[in-house]
Amino acid sequence: MEEKKVEIAEFAMTPLTCSAHFMCNEIIFPCTRKALKLFCTLPVTTATPERSFSTLRCLKTYVRSTMRADRLNGLALMYIHKNVEVKAHEVLDELSKKPRRLLLKIPLKRGEHFYYRVLDLETALVEDCTAASIYSICKGKSVPDFLRAEVWQVCLEVQEKGNQLVLFNEIFDLPEQNILREDCQQFVANLGNEDEDKVSVISDLESILTFYCKSKSLKYEKGNGWIEILLPLIALKLPRSGTYNLFEAIKNCYIPRCCKKNGTPFHLFRLLLLYHDPELCSFLDTKRISPDLYCLSWFQSLFAATCSLPVVQAMWDLYFQQADPFFVFFLGLVMVVNAREQILSMKNENKQTIVDTLSSMPCALEADDVTDFCSLSQYYALKTPGSFRKDLLKILFEGIVDSTETSTISQALCLPVSAQELVENAELKHNLDSIECVRFFLVDCRPAEQYNAGHLPTAFHLDCNLMLQEPAAFSTAVQGLLSAQRQALAARSAAGGEHLCFLGSGRVEEDQYTHMVVASFLQKHTHYVSMLTGGYQAIHEHFGEDVGNSLEDHNPQNCLVCSPDNASEDSETIRPNTSSSDLFGKISAAMKLKSAEVKGKLFDYIVNPTGGNTVERHVSSADKLGKRYRNMAPVFSIDDDHDGDAASLTSPEEEEGHEGVSISTWLSKPDVIEAFKCHEVKVNGYMYDSHLLVTDSHIYVLRDIPGRKGYAHIVGRRPLSAIVKITSKKKHPELITFKYGVPQGDSLVISDMDRGGSSIRAAELQHSLL
């Protein structure tokens, strides 16, 4: 009791209420403590707020209607507390540490300059601005360092996001936590910061990456570019939560998904390179250098892994103002195309040397080069069809898996163009003096009868059948096409354009002929080559009911889309030059992938490739089970090189209908010497279950009828006397080609051929025929 009395006495002697509040024991006198707390917070008078509002009337006049909060607060404090002494040298020292707010002069192009005021940018940041408004102020240029954090937050739309790290439990227990921590420590050690800063940076990196992996259910992988992305963000010196918000937004909006070997981003990048520089693309394909070998780190980190910090900051300033997720593809494209002479001169270097050279190219970029670098990338973006953006946006930047689109872009022969973009481009009134746009020159490659049944008014007709049937006429037609293109450009015609867009029928078998035509242009290193996705069928569907008014000379009776019965009948009929079709199947498939490695494998599987002169090698004496024909060239050959007989093939049209027979009945016929279960190989790569029957005078090909077990169509009946050559491959002897023709002097005139695969070997077939 005496101690309590002493405390009460001391409390009574205290003159100030605030002191009493702090001296009051909250345990003994809880109610008294609360009363004193309330008493201390009650204002005695309203003089302070009245004085503040009075001051604002003097400071915030109509000539100072817009100013930031920190400036207003500082002026108010100086006006209210006039008795506080201000030392001039301290003010000057403080102001010298900040950039001067003067008119900035920044180059746009050589010989040209433009100006923008930092005050305008500051005012826009105070208000509700967007990336577009910032771009209109900065004109796509770098922003001042002290405003970069705010600009990036506005462009990435994270200024209103809260602190997501409050959900982080600070438990670092990822399965790959040791790898993550080692990567952070090694990366920070290379920065050369002081020890105190290193600890702070490592803590921020590990916390942000650990929380990101946990919140997104992702696995951390070494060399995924995440740490490199965080370096420019940490340089902004934002709170950890702000850094995380920026990192998450960049990952979601600007880093392509599937950045791995043979991923979709690299297939797209190769098509863009093929579109703008086919010669360079062909060179890299010949060296078997795919884009993922040299630009993986570019895409994973938006060049942060290969460029210096000032370069990355300047590049990201422009990148975020563009708000274009596909811009990284054009940055990489410009990087490669600008070094084409250096790359092409390395034809005698090994593969790894070229890859290392390509990978390190961004390292030579300087901050002063970023403006021109990005301007050139914008030019290439404007000169590229934009259909792929709509098709691949969800796959690359939203993580939606679409196996159809992924397969389409990975197997595309050239850059695809949608029917909507082609039609809108033809209807759009271009500024003919402007070169910064895509203008298509449409090439319709369908047969003449299909073209005459309906086509776009601006289409130039190039019959793809001429390439096989009449090569000289096809070459003349190509020269006419190029001449018409030049004339259309010179006359500023609506049909004129530098960008060639090839149109097929939209049917798989016929479009392979179109692929062959496109491949011939790509082999000549023609720039700006694209192909319409879906062909004529896509155009027809795009117009819908208005197709009669939109297409020229449209005839519903002959149009294959309007009359599908005609299309089905045509599909059952074997087109002329079926042997040439086999030739085309090989070329188009090889050019689709445009890879030396794939082409090498493809040639191993194709039974009847074409090429230069070859030296034949006959089966060995151990395989020879019969006597060679007298005074005749050898019939059987096994060859790994290209056969030159297919270039001059001509064959009659096959009948539309095929006879349906019972397989067992034919197999039991007495004149059948041998029967083989095999597969008939068609132009498009499809294989049909078939039977090969050998008699005394003929060979028969019976194709099984789907859905009718035990029955087949007789699709081939050839006299044995017409067989002039049977070829096979050493690596794949089960793939056999029968060639039919007549000897003419010392040479053979090939008129037709069949191709098939079986479990039998060439020697076994030789035994049955001889």
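Predicted model: local features only at pLDDT ≥ 70, side-chain atom pairs only at ≥ 80, totals over all residues.
Glu-680 belongs to strand β10 (residues 672-681) and Arg-703 to strand β12 (residues 698-704), so the pair links parts that are 23 residues apart in sequence. Glu-680 counts as buried at 14% relative accessibility, and Arg-703 counts as buried at 17%.

## Other salt bridges

The structure holds 18 salt bridges. One of them joins Asp-277 and Arg-340 at 2.6 Å, N to O. Asp-277 sits in the loop between α14 (264-276) and α15, while Arg-340 is in helix α19 (residues 340-344), so this pair ties together parts 63 residues apart in sequence. Both Asp-277 and Arg-340 are buried. Shared partners bring Asp-277, Glu-279, Arg-340 and Glu-341 into one salt-bridge network.

Arg-446 and Asp-444 also pair through their side chains, at 2.9 Å, N to O. Arg-446 is buried, with a relative accessible area of 2%; Asp-444 is buried at 2% as well.

## Helix α15

Of the 9 residues in helix α15 (residues 278-286), 7 are buried. Among them are Leu-280, Phe-283 and Leu-284. Arg-288, which follows α15, has a positive phi near 60°.

## Charges without a salt bridge

Arg-33, in helix α3 (residues 30-41), is buried but has no salt bridge. Its nearest side chain of opposite charge is Glu-26, 4.2 Å away. Leaving aside neighbours within four places in sequence, Arg-33 contacts His-21, Cys-24 and Glu-26.

On the surface, Glu-85, Glu-90, Asp-93 and Glu-94 gather in a patch of negative charge. Glu-94 lies in helix α6 (residues 88-96) and is partly exposed, with a relative accessible area of 44%.

Note on methods
Residues numbered from 1 in each chain as written. Heavy atoms only, no water. Patch = residues over 30% accessible without salt bridge, like charges linked within 9 Å, V, L, I, M, F, W, Y side chains within 5 Å. Areas by Shrake-Rupley, 256 points an atom, 1.4 Å probe, with all protein chains shown as cover. Salt bridge = Lys/Arg side-chain N within 4 Å of Asp/Glu carboxyl O. Lys, Arg positive; Asp, Glu negative; His and termini not counted. Charge placed at Lys NZ, Arg CZ, Asp CG, Glu CD. Helix = DSSP H or I, 4+ residues; strand = E, 2+ residues; numbered from the N terminus. Buried < 20%, exposed > 50% of the residue type's maximum accessible area, 1.4 Å probe, protein only. Contact = heavy atoms within 4.5 Å.
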